[in-house]
Amino acid sequence: MTKEKRKLISPALRAAMLWPHTWAGVTLGGLLMLIFFMGSLAVFASEIDRWMMPVTRIGAVEVGPVSLDRAAVPLVETIAAGRVVRDWYVQLPNERRPVMAFRVRTENGNAAGMATADGRLLPPVGTLGAGSFFYPLHYSLLLRAGFVGYWIVCIASVAMLAGLISGVIIHARIFKDFFTFRSWGQIRRSLLDLHNLAGVLVLPFHLMITFTGIVIILPIVLPAGVQALYGGDVQRFYDDALGNYSRPRSGIAAPLAPLDPMMAEARRLWGGGEPAVVFVYNAGDAASVVRINRDTGDRISLDVQPVFFDGTSGALLSYRRPGPMVATHRVLSGMHFAAFEHWPLRWLYFLFGLAGCVLIGTGMLYWMEKRRVAHGQKPGIGWRSVAALACGSTTGLLIATLAMMASNRLLPAGIPSRELAEVGVFFLTWIGSAVHAAVRTRSDPPWSAQCAAVALLAGSCAVLNWITTGEHPLRAVALADWPVLGVDLALALTALAAWRVSRRLARREAPVHSTLVKVTDHG
């Protein structure tokens, strides 16, 4: 029976699939590693933000309904610092982020701030954190102009989807691979087993997360329909698709109506749902519009069901449910974003995302080991380039992330553009680790040294948090500050795992280096 099943996929087809599977991984593996790793961190973006923004650690508070009229509206003018406010919005507190987050657009630029639920303005956080750096790096590579980053991520995602499908075709014994992992013997065999195991064990998740990621940004990168129906106006397309409402300023000054009754009406329309974000467009104008988005923590769908009110009278302007196509798109988007409040499922997303990193990393390492056997002790420039890229996009990416978190605890609070200094630390460290890998790579990248750097930085981040904030694990338990404690524990586990891997790699690399010395001496 097994032989008959194998005949369903011909050897010629498997051989044809091997080439695109291999080279898609080799050429785009580093980019896919960045996308998957930053996406995994984004699952716990709010918790990492809490770690990187100590001023938001206001203890375990019971998050209840917030009075925007008493707590939020008076802060807008304070944040605007005397400038004329055009639009503003506020993210309301929730269990994962117990503070209000403001963004105010004025005639002279934007301003931001955070406040407690009772309206106490917090000091500037001085960091972009995970929500404003790791997360957008995941889906746009921070290249927003012309949607270039979206294009690159979409192409890489399509390549990932093709790699997953071709991988299923290549591995005829896919179900046997599910139970096979030989951690002993040849490193090349172990890498292939781990690659197969990571791919087969989490295959449904990998297919889902890759496909839904493509679906989310498809209207941006393939705007043919938008161009035909809306003249290329992507914003108007989304307004129609998602039930948005907008109108121009009238030029007539008018005060804002109370927001709390609007929030109560939105709750009634949602049947008990809670508001998550409140927008005020055309602030101070007779044509002002208030938009209230629903919290999606209790559902898979990312449908925020926006409700629009007249800003001066409080009258309902627009509220409509999406059609079946948009509703399906919102469900697929929700499956990708994982915005729902389900902790076991959130942890699975995080671990499965890291499994994607293992899948990509072991694929690149297997290619390197296989080519090294073919080229002997002196591989060519092509192999060394891929090896340096693999090192820079795996351990180098970890080093850069941890260096940014360490700088978050070390940089003085009052320096100008502190958040940009952290971003500079990330990219400079990442480039430095890639250069280090390129310089040191002769027969093998400097895995041991970079794993030791990961261990040192991860442990330092945890210790620096304790020193600079006074919130050591015992105090975090006493305060019930589980997000910060969780990040510290993850850092400690990362340090321990990286140190053990570094020690094992150092023992493995020693014979290789001694062989290189002999080859050089007799060369």
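1. Strand S4 is largely enclosed by the rest of the structure, because six of its seven residues are buried, where buried means under 20% relative accessible area, exposed over 50% and partly exposed in between, with a 1.4 Å probe and protein chains only. Strands, like helices, are DSSP runs numbered from the N terminus, a strand (E) having at least two residues and a helix (H or I) at least four.

2. On the basis of these remarks: this is a predicted model, in which local features need pLDDT of at least 70 and side-chain atom pairs count only at pLDDT 80 or more, while totals for chains, interfaces and linings use all residues. Residues are numbered from 1 along each chain as its sequence is written, and side-chain values use heavy atoms, with hydrogens and water left out.

3. S4 belongs to an open sheet of seven strands, ordered S3-S2-S1-S4-S5-S6-S7 with antiparallel pairing; two strands count as paired if DSSP finds at least two bridges between them. Strand S3 (109-115) and strand S7 (316-318) stand at the edges with a single partner strand each, so one side of each is left without a neighbour in the sheet. Direction ignored, neighbouring strands of this sheet are turned by 20 degrees against each other on average, the axes being lines fitted to C-alpha atoms (for helices over the stretch in contact) and angles running from 0 to 180 degrees between N-to-C directions.

4. On one flank, S4 (residues 275-281) pairs with S1 (residues 85-91) in the antiparallel sense over four bridges. Within this pairing, Tyr89 has Phe279 of S4 as its bridge partner, and Val90 stands opposite Val278 in S4. S4 also pairs in the antiparallel sense with S5 (residues 289-294), here over six bridges, and Tyr281 stands opposite Val289 in S5.

5. Helix H4 (residues 68-80) lies across S1, S2 (100-106), S3 and S4, and runs at about 45 degrees to S2.

6. Ser318 lies in the edge strand S7, yet at 13% relative accessibility this residue counts as buried. Leaving aside residues up to four places away in sequence, Ser318 touches Gly243, Tyr245, Pro306, Val307 and Phe308, contact meaning heavy atoms within 4.5 Å.

7. The largest nonpolar core has 72 residues, of which Met38 and Phe426 touch the most other members; such a core is a set of buried Ala, Val, Leu, Ile, Met, Phe, Trp, Tyr and Cys residues joined through side-chain atoms within 4.5 Å. A second, separate core of 31 residues includes Val104, Ala266, Val307 and Phe309.
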